Amino acid sequence: MKQLFGYFLLVGIISICWGGSYHFGSAGDTTGAIVCFGIGSIFALMFVYAIGSEIRTKLNREFVEKNYEVVLTDLDYVEEIGNDGNLYYIHTKWVDPDGGTEYFFKSDYMYFNPERFLKDKKIPVKISIENYKNYVVDLSMLPKKA
């Protein structure tokens, strides 16, 4: 819901900036039109990046779900994003039993701190067999909201 609100807010800001650009251009103020159009374009690029990021994440999940291997990892730490405490990343660690090499994985962002649910539990990570760089930290065992 917050994402949808953010997208609508971005579209509104873009509309206001580009509308202001048209208004200033019609009034003969070229500098004002260029500034408004530039600011609107920056917000439009932010909007395109946000949508592209969501699409890329969805395609990565679909790619991994086609052919994957599951590795059980341990919780490394939970990272708080920003200062408001609304978003968190889960970092996990897996030690290869054959060579002792450590691998680190990072989840998608979450809206609550899941550390108390993940303490002393194995966290499954689905790694694509076709491309090992594509993985998904499977947090389906967590409640939707804490």
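**Entry 1: the helices**

I began with α2, which has 37 residues and reaches 53 Å from its first C-alpha to its last, close to the 54 Å expected at 1.5 Å a residue; the expected span of a helix is taken as 1.5 Å times one less than its number of residues. I note that this is a predicted model, in which local features need pLDDT of at least 70 and side-chain atom pairs count only at pLDDT 80 or more, while totals for chains, interfaces and linings use all residues. Residues are numbered from 1 along each chain as its sequence is written, and side-chain values use heavy atoms, with hydrogens and water left out.

I then listed the buried residues of α2, which are Gly32, Ala33, Cys36, Gly40, Ala44 and Val64; buried means under 20% relative accessible area, exposed over 50%, and partly exposed in between, with a 1.4 Å probe and protein chains only. These buried residues pack against α1, β1, β4 and β5 (135–137), where contact means heavy atoms within 4.5 Å.

I turned next to α1, residues 2–26, whose 25 residues reach 36 Å from first C-alpha to last, close to the 36 Å expected at 1.5 Å a residue. Its buried residues are Tyr7, Leu10, Ile14, Cys17, Gly20 and Ser21, and they pack against α2 (30–66). Just after α1, I found Gly28 with a positive phi of about 90°.

**Entry 2: the whole chain**

I counted 3 helices and 5 strands in the chain, and reading along the sequence gave me the pattern α-α-β-β-β-α-β-β. The radius of gyration is 21 Å, well over the 15 Å that the globule rule gives for 146 residues, so the chain is more spread out than a compact globule; the radius is taken over C-alpha atoms, and the rule is 2.2 Å times the number of residues to the power 0.38. Along its principal axes, the C-alpha trace spans about 70 × 35 × 25 Å.

Of the 146 residues, 25% count as buried. The chain exposes about 10200 Å², of which carbon and sulfur atoms supply 60%; the areas come from the Shrake-Rupley method with a 1.4 Å probe, and for residues only the protein chains shown count as cover. Among contacts between residues at least 6 apart in sequence, I noted that 52% join residues at least 24 apart.

**Entry 3: single residues**

I looked up Ile81 in strand β1 (residues 68–81), and at 25% relative accessibility it counts as partly exposed. Leaving aside neighbours within four places in sequence, Ile81 is in contact with Leu87, Tyr88, Tyr89 and Tyr109. The C-alpha atoms of Ile81 and Glu69, 12 residues apart along the chain, are separated by 29 Å.

Which residues does Leu118 touch, not counting those up to four places away in sequence? I found Leu75, Ile90, Ile123, Leu139, Met141 and Leu142. Leu118 lies in helix α3 and counts as buried at 0% relative accessibility, and its C-alpha is 9.4 Å from that of Met141, 23 residues apart along the chain.

Asp120 lies in the loop between α3 (115–118) and β4 (122–128), where it has a positive phi of about 60° although it is not a glycine. I recorded Asp120 as exposed, with a relative accessible area of 81%.

Leaving aside neighbours within four places in sequence, Pro124 is in contact with Val70, Val71, Leu72, Val136, Val137, Asp138 and Met141. Pro124 and Lys93 are 31 residues apart in sequence and 11 Å apart in space, C-alpha to C-alpha.

Conventions
Helices (H or I, at least four residues) and strands (E, at least two) are DSSP runs, numbered from the N terminus.
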